[in-house]
Amino acid sequence: MREEPKERLDRRARTLWRISGLLEMLPVLVAGIGVGWAVARYGGQPLAVAAVPVLATLVATLVNALLIPELRWRRWRYEIREDEVDLQRGIFWVVRTLVPFARIQHVDTRSGPLQRRFGLATVVFYTAAGPNRIPELAAPVAAEVRDRIAELTKERDEL
């Protein structure tokens, strides 16, 4: 069995994922508050019953914004080896992907508005099976990883 990949994502990934988690859950939270209000106003139910949807969506929002990003960051690892890129990710089910350099067609970096705000970028490398990502690396590290993968891919093509 292979060793676990050694490299971790940037620590700022957790903050970025927390903000993203809050933004993702905002419509759900608003809907929960709306349902609670409607139950209290029109359903004739006690306030405790009306509070259930509000509390449920609030708990889901906190889990998505606080717990999930931490667990996700702890599991996400990568390593660029001599012949392949090794990726490990997941929260409850850990997924391990080995991508041989011979299969990589091209590689690039991406950086969305929130990522740029935190100085982060994602490395994306493509195979015939589709894209693979190493998210939330410091922008200079992402550039180094991109260049390293491109260099090793080119070396494999020359063999």
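Two strands pair if DSSP finds at least two bridges between them. Strands (E, at least two residues) and helices (H or I, at least four) are DSSP runs, numbered from the N terminus. With that in hand, hello everyone, and let's look at the structure above.

A word on where it comes from. This is a predicted model, where local features need pLDDT of at least 70 and side-chain atom pairs count only at pLDDT 80 or more, while totals for chains, interfaces and linings use all residues. Residues are numbered from 1 along each chain as its sequence is written, and side-chain values use heavy atoms, with hydrogens and water left out.

Let's start with the sheet. Three strands make an open sheet in the order β5-β6-β7, and the pairing is antiparallel. At the edges sit β5 (106–110) and β7, each of which pairs on one side only. On average, neighbouring strands here are turned by 20° against each other, direction ignored. Now, which residue of β6 is the bridge partner of His106? It's Tyr126. Altogether, β5 and β6 are joined by five bridges in the antiparallel sense.

A helix comes next. Helix α1 lies across β6 and β7, and runs at about 110° to β7. For that angle, axes are lines fitted to C-alpha atoms, for helices over the stretch in contact, and angles run from 0 to 180 degrees between N-to-C directions. Contact here means heavy atoms within 4.5 Å.

Is Arg18 buried, partly exposed or exposed? Arg18 is partly exposed, because its relative accessibility is 27%. The cut-offs are under 20% relative accessible area for buried and over 50% for exposed, with partly exposed in between (1.4 Å probe, protein chains only). Beyond its neighbours within four places in sequence, Arg18 touches Ala65, Leu66, Pro69 and Glu70. With Glu70 there is also a side chain to side chain polar contact, at 3.4 Å. That term means a pair of N or O atoms within 3.5 Å; within protein, one must be able to donate a hydrogen and the other to accept it, and residues adjacent in sequence count only if both atoms are side-chain atoms.

Now for the inside. In soluble globular proteins, nonpolar side chains tend to be buried together. A nonpolar core is a set of buried Ala, Val, Leu, Ile, Met, Phe, Trp, Tyr and Cys residues joined through side-chain atoms within 4.5 Å. The largest one here has 21 residues, and Val123, Phe125, Ile134 and Ile149 have the most contacts inside it. At least two residues each come from α1 (12–42), β3 (84–89), β6 (120–127), β7 (130–138) and α4 (139–158). The biggest giver is α4, with four residues.

Take Ile149, which sits in α4. Ile149 counts as buried because its relative accessible area is 0%. Setting aside residues within four places in sequence, Ile149 meets Ile80, Val85, Phe101, Ile104, Val107, Val123 and Phe125. As for Ile134, among the residues it touches are Trp76, Tyr78, Leu87 and Val145.

Last stop, aromatic rings. Rings of Phe, Tyr and Trp (its six-membered ring) pair if their centres lie within 6.5 Å; planes under 30 degrees apart count as stacked, over 60 as edge-to-face and the rest as tilted. How many aromatic pairs does that rule give? Two. Trp37 and Tyr42 are edge-to-face, 5.6 Å centre to centre with 90° between the planes. Phe92 and Trp93 have their planes at 80°, so that pair is edge-to-face too.
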